[in-house]
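Hello,

Here is the structure I said I would pass on. My notes on it follow below.

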Amino acid sequence: MPELPEVETTLRGIRPYLEGRRIQELKVRERRLRYPITDDAEEILAGQRMLSLSRRGKYLLMGLEKGSLLIHLGMSGSLRIVPAATPPGIHDHLDLVMEDGGCLRMRDPRRFGLFIWIADPPEKHPLIRELGPEPLEEGFGGDYLFFRAGNRHLPVKAFIMDAKVVVGIGNIYASESLFLAGIHPNRPAGQVSAALYDLLARSIRKVLAESITSGGTSLRDFVREDGNPGYFAQQLRVYGREGQACHYCGSLIQREKIGQRSSFFCPNCQY
DNA sequence: CCGGACGCCTGTCGGC
DNA sequence: TGCCGACAGGCGTCCG
């Protein structure tokens, strides 16, 4: 569920409560996430100072005095800052209690999320090592996408959702970006022109930046660190709007499965 | 190597 | 009211 804007929103929200502070203890109520939380995690984390927080794609990285925490929110995960005494709800799987009484609480009903400690630098970790460029940073643009697309036949929507190509774009923002660029999500990646990839790269940046400004998209699960929703759902142009009028031409927005994922597009504006 | 299908989990919603 | 299938923001693995 959380894509780059939701993870970025979460990062900005939790950073002031964590950066430079010392971890008092890790409390785990459910160890079975995507990878099980190992039995030594509590011992490793207790007493360590959190030196830095950052984001890589949809991963959150927390640099500690020794090693790092690697966190992913999967489909349904969220992180909130709560007073340590707040009773946990269902699916509140763990608390990272800080020495000042603040507490980072992870909720994840579907348990596709990840919370692991790693000893080596994160950029060497297999989950991070192969990731493509950040879409909002240098190194990402139309010429890069055009080059990577080569003669590939997969739908362009699946192509931009591949984290090895570019990180952070999930099902919502893929549909939104392709609408802005006027590209049909089912077009083979290798049959999109360099000029259109330039437009697509700009559209991706625009959509992600807009959403970050709005605090991300809340459809069902996503909440910000203070429990409030993000408001970008109100600005979605096609996602979730099947059967409704295209804001630009009035045609009815269609939904189609592409790569087992629902995709939304305007049949008139996108080709 | 590439692309598509599937599985991992729980919750919600709509139709019958 | 209850049941059942479809679907949900991600991603790794397997297979042809």
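**Notes on the structure**

In helix H6 the buried residues are Ile172, Tyr173, Ala174, Ser175, Glu176, Ser177, Leu178, Phe179, Leu180 and Ala181. Buried means that 20 or more other C-beta atoms, placed from the backbone, lie within 10 Å of the residue's own; exposed means 12 or fewer, and partly exposed lies in between. Helices (H or I, at least four residues) and strands (E, at least two) are DSSP runs, numbered from the N terminus.

This is a predicted model, in which local features need pLDDT of at least 70 and side-chain atom pairs count only at pLDDT 80 or more, while totals for chains, interfaces and linings use all residues. Residues are numbered from 1 along each chain as its sequence is written, and chains are lettered from A and ligands numbered from 1 in the order in which they are written.

H6 spans residues 171-181, and ten of its eleven residues are buried. Helix H5 (156-160), helix H7 (194-213) and strand S10 (261-265) are among the elements that cover those buried residues. After H6 comes glycine 182, with a positive phi near 75°.

There is also an open sheet of four strands, in the order S1-S6-S7-S5, with antiparallel pairing; two strands pair if DSSP finds at least two bridges between them. S1 (23-28) and S5 (78-83) are the edge strands, each with a single partner strand, so one side of each has no neighbour in the sheet. S5 and S7 (residues 102-107) run antiparallel and are joined by six bridges. Arginine 80 has arginine 105 in S7 as its bridge partner. Helix H1 (residues 4-18) packs on this sheet and touches S5, S6 (92-98) and S7.

The domain assignment, automatic or from a database, divides chain A into domain 1 (4-129) and domain 2 (142-265). Their centres, taken over C-alpha atoms, are 28 Å apart. In contact are 15 residues of domain 1 and 19 residues of domain 2, where contact means C-beta atoms, placed from the backbone, within 7 Å. On the side of domain 1 that touches domain 2, H1 gives the most, with eight residues.

Last, the DNA. The residues around DNA strand B include Arg110, Arg111, Phe112, Arg152 and His153; a residue is near a strand if its C-beta atom, placed from the backbone, lies within 6 Å of it.

Regards

Conventions. Contact = placed C-beta atoms within 7 Å. Axes fitted to C-alpha atoms, helices over the stretch in contact; angles between N-to-C directions.
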